[in-house]
Amino acid sequence: MSLQQITGSIHEMVDGGLEYFKNPELKISWGGPFNGQEFRKKIFLNLLDNFSFKAVVETGTYRGTTTDFFLSTSRPVYTTESQYRYFGYALIRFLSKWKHIRLFRKDSRDFLRSLAARRSFPKKNVFFYLDAHWQEDLPLVEELDIIVSNWRNSVIMIDDFCVPDTNYGYDNYGEGRVLKLDYLNPVIIPNNIPLFFPSVGSEEETGEKRGCIVLGTENDTGSILDRIPTLRRYYI
Ligand SMILES: C[S@@+](CC[C@H](N)C(=O)[O-])C[C@H]1O[C@@H](n2cnc3c(N)ncnc32)[C@H](O)[C@@H]1O
């Protein structure tokens, strides 16, 4: 990294940090945690009741709206953001909660690989929230591959995902880059990953009504996910 790039990154981080004080309304982006979606919150709370999660891992911190909700569950939270500006914002936002949160300024794949390599980080009973998608570079398949190769008895929720036969919103970045099952097949099929969607349609959801998919890290996790009333299993 050149001196100019380092200075630029520091400026961005400082600007992001100042934004926290200048625009308090930015604390609640996209209508609140999980895009302001109450049913999604219920899914997450059901998951907490049925799994003994030792940590929550988020990719794509942005302004920390969902991160803050994760912190309210009293689990240690690990979150990463690639943009210096949002990282700076989150750094200031969560300064007083430093004992409970680990904030990274890393690409999501490097971040997950570094957690996988860290001996002290649990390799079972982890909740992953994958939300680092809104740019040209779509890290999702690689993120999923790293998780299923390194963790067991863990759960992955992907935001902005197409829910078949419903009107939930989802991300479409062009051919071969649509957040639909086809896109994840290279990881899902060989690993026999159990798949779940919200048990209700978008008309019973609030907020931005974005779709999601919930996956277990291996086939056995599916029997626990089967107990969650807010989820329905999906077979391909
Ligand atoms: C949709 S926003 C996340 C919203 C946040 N999770 C919430 O619920 O409020 C996506 C964020 O992911 C970040 N991002 C995109 N690609 C990334 C990557 N490869 N690694 C880490 N962060 C990334 C973007 O800069 C952006 O801040």
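At what angle do helix α7 and helix α8 pack? The answer is in point 2.

1. Basis. This is a predicted model, in which local features need pLDDT of at least 70 and side-chain atom pairs count only at pLDDT 80 or more, while totals for chains, interfaces and linings use all residues. Residues are numbered from 1 along each chain as its sequence is written. Helices (H or I, at least four residues) and strands (E, at least two) are DSSP runs, numbered from the N terminus.

2. Helices α7 and α8. Helix α7 (residues 140–150) packs against helix α8 (residues 181–188) at an angle of about 30 degrees, and their axes are 9 Å apart. Axes are lines fitted to C-alpha atoms, for helices over the stretch in contact, and angles run from 0 to 180 degrees between N-to-C directions. The angle therefore makes α7 roughly parallel to α8; angles under 35 degrees count as roughly parallel, over 145 as roughly antiparallel, 65 to 115 as roughly perpendicular and the rest as oblique. From α7, Val141, Leu144, Asp145 and Val148 meet Tyr183, Leu184, Pro186 and Val187 of α8 (contact: C-beta atoms, placed from the backbone, within 7 Å). This contact of α7 with α8 has 7 nonpolar, no polar and 1 charged residues. Here Ala, Val, Leu, Ile, Met, Phe, Trp, Tyr, Cys and Pro count as nonpolar, Asp, Glu, Lys and Arg as charged, and the others, Gly among them, as polar.

3. Helices α6 and α7. Helix α6 (residues 108–117) crosses α7 at roughly 5 degrees, and the axes come within 9 Å. That angle makes α6 roughly parallel to α7. On the α6 side the contact is made by Ser108, Arg109, Leu112, Arg113 and Ala116, and on the α7 side by Glu142, Glu143, Ile146, Ile147 and Asn150. The contact of α6 with α7 has 4 nonpolar, 2 polar and 4 charged residues.

4. Helices α1 and α5. Helix α1 (residues 3–22) and helix α5 (residues 84–93) pack at about 45 degrees, with axes 7 Å apart. This makes α1 oblique to α5. The contact of α1 with α5 divides into 9 nonpolar, 4 polar and 5 charged residues. Residues of α1 that meet α5 include Met13, Val14 and Tyr20, and those of α5 that meet α1 include Tyr86, Phe87 and Leu91.

5. The sheet. An open sheet of 8 strands runs in the order β3-β2-β1-β4-β5-β7-β6-β8, with mixed pairing. Two strands pair if DSSP finds at least two bridges between them. At the edges are β3 (101–104) and β8 (231–234), each pairing on one side only. On average, neighbouring strands of this sheet are turned by 20 degrees against each other, direction ignored. Strands β6 (residues 195–198) and β7 (residues 212–216) run antiparallel and are joined by 2 bridges. Phe196 stands opposite Val214 in β7.

6. Around the ligand. Of the 20 residues around the ligand, Gly60, Tyr62, Thr66, Ser108 and Ala132 come nearest (near: C-beta atom, placed from the backbone, within 6 Å). By class, the shell around the ligand has 6 nonpolar, 10 polar and 4 charged residues.

Technical notes
Two residues are in contact if their C-beta atoms, placed from the backbone, lie within 7 Å.
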